[in-house]
Amino acid sequence: MTFPELQQALDGLRGLSFPPQSLQTHWLGLQDVDLAALRRAVQHAAKTCARFPAPAELRALIEAQPRDLPEVPVLTTPLETPRVVGTLPTGRPIVQTAEYDAWCPECDDSGWAPAELGGAPAVRRCRCWSDNPLLLRARDVQARLAAQRTAGVKAP
Ligand SMILES: [Zn+2]
């Protein structure tokens, strides 16, 4: 992104309260972000902000945008015969209708694999940490919720 592109992208927010006289701080704080993502954040800010957002607030809105993530595979196999695996306190039976197959059998999709530390049982970050689609989605949801809290606005 260039400075003129940043200026143009933020121009739509000039009608909000307290627009900055210079966009130098916004340039310093936002020059590494994707222009299309910034434009989406600006559109969202125009609808939800009363005053001109700071670079950190725009970054939080960008963080809150949904990302392209790998498809989560179907990991359940329906059981031919459902089986009762327990009973709820209400007396209603808990019926299992499908078998779950973890994407990563090493950590059962928790992201933490068994390990040993000084002879004692421990856990280590699983080798699937960076490419397990279930973990990527879970971390994306957590990041977006954190960004919403930072921005103090509802994510798009
Ligand atoms: Zn794993």
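1. The donors of the zinc ion are spaced C-x2-C-x18-C-x1-C along the chain. Donors here are N, O and S atoms within 2.8 Å of the metal (3.2 Å for Na, K and Ca); water is not among the atoms, so sites may look incomplete. This is a predicted model: local features need pLDDT of at least 70, side-chain atom pairs count only at pLDDT 80 or more, and totals for chains, interfaces and linings use all residues. Residues are numbered from 1 along each chain as its sequence is written, and side-chain values use heavy atoms, with hydrogens and water left out.

2. Which residues hold the zinc ion? Cys104, Cys107, Cys126 and Cys128 coordinate the zinc ion through their SG atoms, at 2.2 to 2.3 Å. The 4 donor atoms subtend angles of 105 to 112°, so the arrangement is tetrahedral (four donors with all angles between 85 and 135 degrees).

3. Cys107 sits in the loop between strand 2 (93–100) and strand 3 (112–117). Cys126 sits in the loop between strand 4 (120–125) and helix 5 (133–151). The pair therefore ties together parts that are 19 residues apart in sequence. Helices (H or I, at least four residues) and strands (E, at least two) are DSSP runs, numbered from the N terminus. Both Cys107 and Cys126 are buried (under 20% relative accessible area; exposed is over 50%, partly exposed in between, with a 1.4 Å probe and protein chains only).

4. Asp109 is in the loop between strand 2 and strand 3. Its phi is positive, about 65°, although Asp109 is not a glycine. Most residues other than glycine have a negative phi. Asp109 is buried, at 12% relative accessible area.

5. Phe18 also has a positive phi, about 55°, and is not a glycine. Phe18 lies in the loop between helix 1 (3–10) and helix 2 (24–30). Is Phe18 buried or exposed? With 70% relative accessibility, Phe18 counts as exposed.

6. Arg124 belongs to strand 4 and is partly exposed, at 31% relative accessibility. Leaving aside residues up to four places away in sequence, Arg124 touches Glu106, Gly111, Trp112, Ala113, Pro114 and Ala115 (contact means heavy atoms within 4.5 Å). The C-alpha atoms of Arg124 and Cys107 are 9.7 Å apart; the two residues are 17 apart along the chain.

7. Helix 3 (residues 35–48) packs on helix 4 (residues 55–63) at about 105°, with axes 9 Å apart. That makes the two helices roughly perpendicular (65 to 115 degrees). Ala37, Leu38, Ala41, Val42, His44 and Ala45 of helix 3 meet Leu58, Leu61 and Ile62 of helix 4.

Notes: Tetrahedral: all angles 85-135°; square planar, octahedral: opposite > 155°, others 65-115°. Axes fitted to C-alpha atoms, helices over the stretch in contact; angles between N-to-C directions. Parallel < 35°, antiparallel > 145°, perpendicular 65-115°, else oblique.
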